[in-house]
Amino acid sequence: MYSQVLTFGAAFLGSAVESVEALTIVLAVGLTRGWRSPLYGTLVALVALAVLVLLFGQLIVTRVPELTLKLIIGTLIVLFGLRWLHKAILRSAGVIAMHDENKSYQETVKELYGSPLRQDWVAFVIALKGVFLEGMEVVFIVVAVGGTSGGLHIAVAGGLLAMIVVAIIGVVVRKPLAQVPENTLKYAVGVILASIGTFWAAEGMGATWPLDLVSILGIAAIYFGASRVAVMMIRMRKPVMA
Amino acid sequence: MRFLRAAVAEVVGLFVGDWAQTAVSVGILGIGWFVLSRVHVEGIAFLIAIALASQLIYAATIEARQRARPS
């Protein structure tokens, strides 16, 4: 049960963050150029992403031995989670700008105005590229977390539900979801993924954890504590550096 | 072609922000594997998490310092 909640939660949160970013691109294209082409682009991207999930999901679940799977995928999840956490630390400390959906929206609109010819083709490609590239992170989270925990269908459900929720909200409000605390979500997902990845990678190395999956809470506390220390250290140095 | 290149860059970018930091993380996991295969003590794997968390603090503070430096 604990493993299922963890799998669902990681897939849901990761997918929600990336879906918000993809929605901004599709909205910018749709509201500027009309809906037909960006919706086709989105559809093609979603089909391609679904094929990737099925292909890699089945491949790693059926072909790779459990311990090897935990070691390799666990390592990749650690690297992925640490990367998100690293960025979240720099954002929290004010070193790099917070992700701003309104700014992303304006940038996409500007990109569209810069290419007046073959409008439908440009709208199709921008939506396809945006959804596909943002969706690749979701594919990785779903396949890695779901495949390693043996709950691929749960991870797929979490990822899909997040996408549907974000899409419905997008259709209702028809503007970028700038109010979603994206950076906080990314921070949380970074901690969760780095913790799950460390847990599985170590299991793949042959380690045993006290209290089994409950150890993930301890690992998460270590990563969260470290990230707060890093933010504090960077903030303390800031006046000296300025 | 540009789309394919962007896709490949995106895949690599999922795991690698800074190659040195990634190498250190992989190195920590490699050393961890070496130690865990010889020392069978429950909970010793927490040391891997502590080492990775320490390198996270180091890498983040170093990058912050580099970004603050006037170019």
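Chain A comprises eight helices and zero strands in this predicted model. Read along the sequence, its elements follow the order α-α-α-α-α-α-α-α. The radius of gyration of chain A is 19 Å, close to the 18 Å that the globule rule gives for 242 residues, so chain A is as compact as a globular protein of that length. Along the principal axes, the C-alpha trace of chain A spans about 60 × 55 × 25 Å. Of the 242 residues in chain A, 52% are buried. Among contacts in chain A that link residues at least 6 apart in sequence, 88% join residues at least 24 apart.

Chain B likewise contains helices, three in number, and zero strands. From the N terminus on, these elements are arranged as α-α-α. For chain B the radius of gyration is 17 Å, whereas a compact globule of 71 residues would have a value near 11 Å. The C-alpha atoms of chain B fill a box of roughly 50 × 35 × 15 Å along the principal axes. Buried residues account for 24% of the 71 residues in chain B, against 52% of the 242 residues in chain A.

The contact between the two chains draws 36 residues from chain B and 39 residues from chain A. On the side of chain B that touches chain A, the elements giving two or more residues are α1 (2-15), α2 (19-36) and α3 (46-68) of chain B. The largest share of this side, 17 residues, is supplied by α3(B). By residue class, the side of chain B that touches chain A divides into 23 nonpolar, eight polar and five charged residues.

A:Leu69 is located in helix α3 of chain A, which covers residues 66-92. With 19 C-beta neighbours inside 10 Å, A:Leu69 counts as partly exposed, because the buried class requires 20 or more other C-beta atoms within 10 Å and the exposed class 12 or fewer. Once neighbours within four places in sequence are set aside, the contacts of A:Leu69 are with A:Ile60, A:Val64, A:Gly147 and A:Thr148. A:Val173 lies 104 residues from A:Leu69 in sequence, and the two are separated by 42 Å in space, C-alpha to C-alpha.

Technical notes
Residues are numbered from 1 along each chain as its sequence is written. Chains are lettered from A and ligands numbered from 1 in the order in which they are written. This is a predicted model: local features need pLDDT of at least 70, side-chain atom pairs count only at pLDDT 80 or more; totals for chains, interfaces and linings use all residues. Two residues are in contact if their C-beta atoms, placed from the backbone, lie within 7 Å. Helices (H or I, at least four residues) and strands (E, at least two) are DSSP runs, numbered from the N terminus. Ala, Val, Leu, Ile, Met, Phe, Trp, Tyr, Cys and Pro count as nonpolar, Asp, Glu, Lys and Arg as charged, and the others, Gly among them, as polar. The radius of gyration is taken over C-alpha atoms; the globule rule is 2.2 Å times the number of residues to the power 0.38.
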